[in-house]
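Visitor: I am new to this structure. Please show me how to read a few of its features.

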Amino acid sequence: SLLSPLDREMKSSYSVQIQAISEDTNSNQTASSFATLSVTVFDVNDNGPVFTSSLNSVNISENESFGTVVFIAKATDADVGDNAHIVYSLAEQSDVFDINSTTGVVT
């Protein structure tokens, strides 16, 4: 059984030495054997994305053309594989701004 929680982001694999001992109680002789158990910790989606770009404010002229890039959002996720896949979206519907769900480009 596990004695403490596993965290794939901290350690993704373990190598455990197992020993088997047989004892002859009549002659007090022992024999032993060793085996190595390799344990791989699979990832679960236990980390949320973290924005690496500052989301303070930007200034844009009122006469900018349609499709002008206003901002590029960038986030990372400490998970791996599909659990680290990030999709961008606007938190609220907007008639003025749009975001590319893959690149994070706000136009």
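Guide: Start with Asp77, which sits in the loop between E5 and E6. Strands (E) are DSSP runs of at least two residues, numbered from the N terminus. This is a predicted model: local features need pLDDT of at least 70, side-chain atom pairs count only at pLDDT 80 or more, and totals for chains, interfaces and linings use all residues. Residues are numbered from 1 along each chain as its sequence is written, and side-chain values use heavy atoms, with hydrogens and water left out.

Visitor: Is Asp77 buried or exposed?

Guide: Buried means under 20% relative accessible area, exposed over 50%, and partly exposed in between (1.4 Å probe, protein chains only). Asp77 is buried.

Visitor: Which side chain of opposite charge is nearest to Asp77?

Guide: A salt bridge needs a side-chain nitrogen of Lys or Arg within 4 Å of a carboxyl oxygen of Asp or Glu. Asp77 has none; the nearest side chain of opposite charge is Arg8, 7.4 Å away. A polar atom of the Asp77 side chain does lie 2.8 Å from the backbone nitrogen of Asp79.

Visitor: What is Val80 in contact with?

Guide: Contact means heavy atoms within 4.5 Å. Apart from neighbours within four places in sequence, Val80 is in contact with Arg8 and Asp43. Val80 belongs to the loop between strand E5 (75-76) and strand E6 (105-106).

Visitor: Why does Val80 count as partly exposed?

Guide: Because its relative accessibility is 39%.

Visitor: How far apart are Val80 and Glu9?

Guide: They are 71 residues apart in sequence and 8.7 Å apart in space, C-alpha to C-alpha.

Key. Helix = DSSP H or I, 4+ residues; strand = E, 2+ residues; numbered from the N terminus. Lys, Arg positive; Asp, Glu negative; His and termini not counted. Polar contact = N/O pair within 3.5 Å; in protein donor to acceptor, adjacent residues only side chain to side chain.
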